[in-house]
Amino acid sequence: HVQLVESGGGSVQAGESLRLSCVASGYTLPMNMGWFRRLPGQEREGVAAIAGDGRTDYADTVKGRATISRDGAKNIIALEMDSLKPEDTAMYYCAARAGAFVLSLNSNDYNHWGQGTQVTVS
C-alpha cells in the first residue's frame, strides 16, 4: 500500500520561499513522482515532476522558481519554491506512479496521491 504524506505548507508572504516534502512509503523501487496543485476554483495542474530515472520537468508558471528533488533513498520528494506569489496559493499534492519511467505533469498519469498541504501566499 503506497502512502504519500506531504508537509511543509503554510502561510508565507510574497517573495519568500517554501520547501514542501513528500514522504513516500509502501514501495521498494523508485517511483515516478510529481507535485501538483489545485488553485481555488480550478482543476489540478502539474507543478513539477521527477521520473524514476531522475529526469525533471516543470510547469512554465514555476520554471526558474521551483526545484524538485529526491533524496538518496528515494523516499522523500521535495519541492522548493522561491519568489512565491499570491497566485501560487493552492493545495499542493504529491503524486506517484510505479512502473516504467514516466516524466509527466499530467495528473492522469499518476495513481497515488497524498492528502495535500495548503500553501497560502499573501
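View A. A residue counts as buried under 20% relative accessible area, as exposed over 50%, and as partly exposed in between. E45, with a relative accessible area of 23%, is therefore partly exposed. The model shown is predicted. It holds 5 salt bridges. One of them joins the side chains of E45 and R37, with N and O 2.8 Å apart. R37 has a relative accessibility of 3% and so counts as buried. The R37 side chain also meets that of D88 in a salt bridge, at 2.9 Å from N to O. This second pair links distant parts of the chain, since R37 lies in strand β4 and D88 in the loop between β8 (76-81) and β9, 51 residues apart. D88 is buried, as is R37.

View B. The closest N and O atoms of R55 and D53 are 2.9 Å apart, and the two residues form a salt bridge. R55 is partly exposed at 40% relative accessible area, and D53 is partly exposed at 39%.

View C. Rings of Phe, Tyr and Trp pair if their centres lie within 6.5 Å, and planes over 60 degrees apart count as edge-to-face. By this rule there are 3 aromatic pairs. F36 and Y110 have ring centres 5.2 Å apart and planes at 75°, so they make an edge-to-face pair. F36 belongs to strand β4 (residues 32-38) and Y110 to the loop between β9 (90-97) and β10 (112-113), so this pair ties together parts 74 residues apart in sequence. F36 and Y110 are both buried. The rings of Y110 and W113 are also edge-to-face, because their centres are 6.5 Å apart and their planes stand at 65°. Y110 has a relative accessible area of 5%, while W113 is partly exposed at 25%. F36, Y110 and W113 form one aromatic cluster. Over the ring of W113 sits the charged end of R44, 4.3 Å from the ring centre.

**View D. The largest nonpolar core.** This core has 29 residues, of which L4, M33, W35, I68, L79 and Y92 touch the most other members. At least two of its residues come from each of β3 (18-25), β4, β5 (44-50), β7 (66-70), β8, β9 and β11 (117-121). Leaving aside residues up to four places away in sequence, L79 touches L18, R19, L20, W35, V47, A48, A66, T67, I68 and Y92. In soluble globular proteins, nonpolar side chains tend to be buried together.

**View E. Strand β5 and its two partners.** Of the 7 residues in β5, 5 are buried, and the strand is mostly covered. β4 and β5 run antiparallel and are joined by 6 bridges. M33 has I50 of β5 as its bridge partner. The hairpin of β4 and β5 has 5 residues between the strands, and G41 there takes a positive phi near 75°. β5 also runs antiparallel to strand β6 (residues 56-58), with 3 bridges between them. Here I50 stands opposite T56 in β6. The β5 and β6 hairpin has 5 residues between its strands, with G54 in the turn at a positive phi of about 100°.

Conventions:
Residues numbered from 1 in each chain as written. Predicted model: local features only at pLDDT ≥ 70, side-chain atom pairs only at ≥ 80, totals over all residues. Heavy atoms only, no water. Phe/Tyr/Trp six-rings, centres within 6.5 Å; stacked < 30°, edge-to-face > 60°. Helix = DSSP H or I, 4+ residues; strand = E, 2+ residues; numbered from the N terminus. Buried < 20%, exposed > 50% of the residue type's maximum accessible area, 1.4 Å probe, protein only. Lys NZ or Arg CZ within 6 Å of the ring centre and 35° of its normal. Salt bridge = Lys/Arg side-chain N within 4 Å of Asp/Glu carboxyl O. Core = buried A, V, L, I, M, F, W, Y, C linked by side-chain atoms within 4.5 Å. Contact = heavy atoms within 4.5 Å. Pairing = 2+ DSSP bridges.
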